[in-house]
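Student: Hi! I'm new to this one and would like a quick tour. Can we look at it together?
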Amino acid sequence: MAGRRECSVLVGFQHHAEVRKSTLGIRLLVWMHAACGQLLRLPNFERRFGASSRFVISAHGVLVVSGVLCFLASAGVVLASNLQKFDHAVLLTAGFIGTLHCLLRILYTTARREKMEQIAQKMHKILHQDLFDAGGSEKFEQKLSRIITILLLLWVASCLLAVVPSFRFNVQVVREASDPFDLSDEEADVLATQMHKQLILEMARYVARVLGLFGLGDSPAAVNAAFCFMFATCYFAIGRLIASDLLFYSWYCGLVHLHHKLVRGLSAALADREKLRDWAEYHSSIDKLLKEINAFTAPVILVVVLFTGIKISVCSFILFKLHDETSIAVAFIAYGLASVQQIVVYCVLGQKLQSKLENLSSEAYSCSWMLGKDEETKRAALMIFLAANEKCGNKLPGAPFFSMSLQFLVSMVSVVFTYFIVLLQLS
């Protein structure tokens with residue numbers, strides 16, 4: 001019986017929703033994933049990728065992972081050889097941690113691609129059940145599409161502003177020190193004061209040694225090509241991280257909107273037993289979807305929280321200690337802001353979701369159900385009130401590891417500041 005009721009909520013109300021074309025935001029998300037090496041099928045996306053397109057996208061994804069692994073290997077070797085030099089180790093750690101974060105996200109979203117598509121499909125279906133808010137979901141999708149488009153364009157533009165100068169700088173350093181990456185004593189003395197260049201050259205020497213196994217170690221063109229490949233794939237990995245984050249943000253925005261619909265429809269539902277049953281089934285479906293999304297994103301948010309604290313403190317230390325090296329300042333500022341953005345957006349969405357859950361209990365308690373004579377309706381309203389207040393933290397993004405909210409953001413800031421002070425003392 002319960003299964004038939006849930007089915008009626010998820011499928012039976014689909015006749016209220018017209019067949020709509022995908023919004024611009026959804027199309028951009030699909031194309032962004034494809035450009036970064038992942039084929040993702042989102043609801044109402046009209047384009048069907050052929051066999052050749054799927055092969056190219058899959059091959060591109062394999063190349064991205066290969067390039068990221070090569071970068072991590074070379075950076076790891078150089079990091080291990082510079083552990084005694086604190087400033088050098090901290091500078092390398094920033095790039096290593098950020099790239100490792102991108103790799104973990106790529107592997108997770110690749111392994112669970114089908115689950116991502118299933119959740120997106122469920123969210124699409126439940127959003128278009130105009131049970132208590134006719135036409136509201138279409139307006140919400142249009143608004144969400146504009147937000148996704150603006151954020152995606154803004155972040156891609158910011159990334160390019162930081163990436164292009166950094167890419168050109170790194171490649172130029174390798175070119176200046178080619179044939180066969182040996183420097184004179186005078187050049188070495190100058191380089192000793194330019195930490196970033198020194199570390200790039202150490203990576204170049206390691207790459208040259210690896211290429212030497214294939215007889216290409218003495219070829220500056222081969223080393224330059226290998227460096228271009230590694231850095232380019234790392235930037236595609238950053239794009240993959242941005243695209244998946246935007247998809248997860250859209251899910252939580254959808255959950256906030258769905259809880260808003262529940263709050264608006266509760267008063268009318270308590271006045272009609274039939275509507276109350278539909279409302280309860282709808283609420284049950286939303287609650288199950290919320291738990292499913294939290295279960296999927298919990299590992300993602302766990303890694304974001306753990307890595308972001310390290311990245312922000314390391315970036316602050318680098319900018320504080322190496323502020324005179326303007327060539328890398330812009331890149332690290334953008335890197336730090338992007339890390340902050342991940343935490344802030346999840347916390348803001350978690351706070352909005354918490355507010356909607358509190359509004360739901362408040363609405364259930366303040367309705368005129370106490371004046372009615374129907375005892376079943378009274379008990380139903382009381383159960384809604386109690387259920388909405390039960391373990392609210394377990395329903396926020398990051399559960400069960402964290403409860404992402406503004407309160408958590410404040411505690412995160414204090415932890416990052418502590419890390420920053422510790423790094424200053426260690427240096």
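Tutor: Happy to. This is a predicted model, and the count of aromatic pairs in it comes to eight.

Student: How are the rings of Phe248 and Trp251 arranged?
Tutor: Phe248 and Trp251 make a tilted pair, 5.3 Å centre to centre with 50° between the planes. Both lie in helix α9 (residues 220-270), three residues apart, about one turn of the helix.

Student: Are they buried or exposed, say Phe248?
Tutor: Phe248 has 0% relative accessibility, so it counts as buried. Trp251 is buried too, with a relative accessible area of 2%.

Student: And what about Tyr249 and Tyr346?
Tutor: Their ring centres are 5.0 Å apart and their planes are at 70°, so that pair is edge-to-face. Tyr249 sits in helix α9 and Tyr346 in helix α11 (residues 326-366), so to speak joining distant parts of the chain, 97 residues apart. Both Tyr249 and Tyr346 are buried.

Student: Which rings form a cluster?
Tutor: Ring pairs link Tyr108, Phe248, Trp251 and Phe296 into one.

Student: Switching topic: at what angle do α3 and α4 cross?
Tutor: The axes of helix α3 (residues 51-81) and helix α4 (residues 86-111) cross at roughly 155° and come within 10 Å. That angle makes α3 roughly antiparallel to α4, and their crossing is left-handed.

Student: Which residues make the contact?
Tutor: Among them are Val64, Leu72 and Leu79 of α3, and Ala89, Phe96 and Ile106 of α4.

Student: How many of the contact residues are nonpolar, polar or charged?
Tutor: In the contact of α3 with α4, 15 are nonpolar, four are polar and none is charged.

Methods. Residues numbered from 1 in each chain as written. Predicted model: local features only at pLDDT ≥ 70, side-chain atom pairs only at ≥ 80, totals over all residues. Heavy atoms only, no water. Axes fitted to C-alpha atoms, helices over the stretch in contact; angles between N-to-C directions. Helix = DSSP H or I, 4+ residues; strand = E, 2+ residues; numbered from the N terminus. Parallel < 35°, antiparallel > 145°, perpendicular 65-115°, else oblique. Left-handed = near helix turned anticlockwise from the far one by under 90°. Contact = heavy atoms within 4.5 Å. Nonpolar A, V, L, I, M, F, W, Y, C, P; charged D, E, K, R; others polar. Phe/Tyr/Trp six-rings, centres within 6.5 Å; stacked < 30°, edge-to-face > 60°. Buried < 20%, exposed > 50% of the residue type's maximum accessible area, 1.4 Å probe, protein only.
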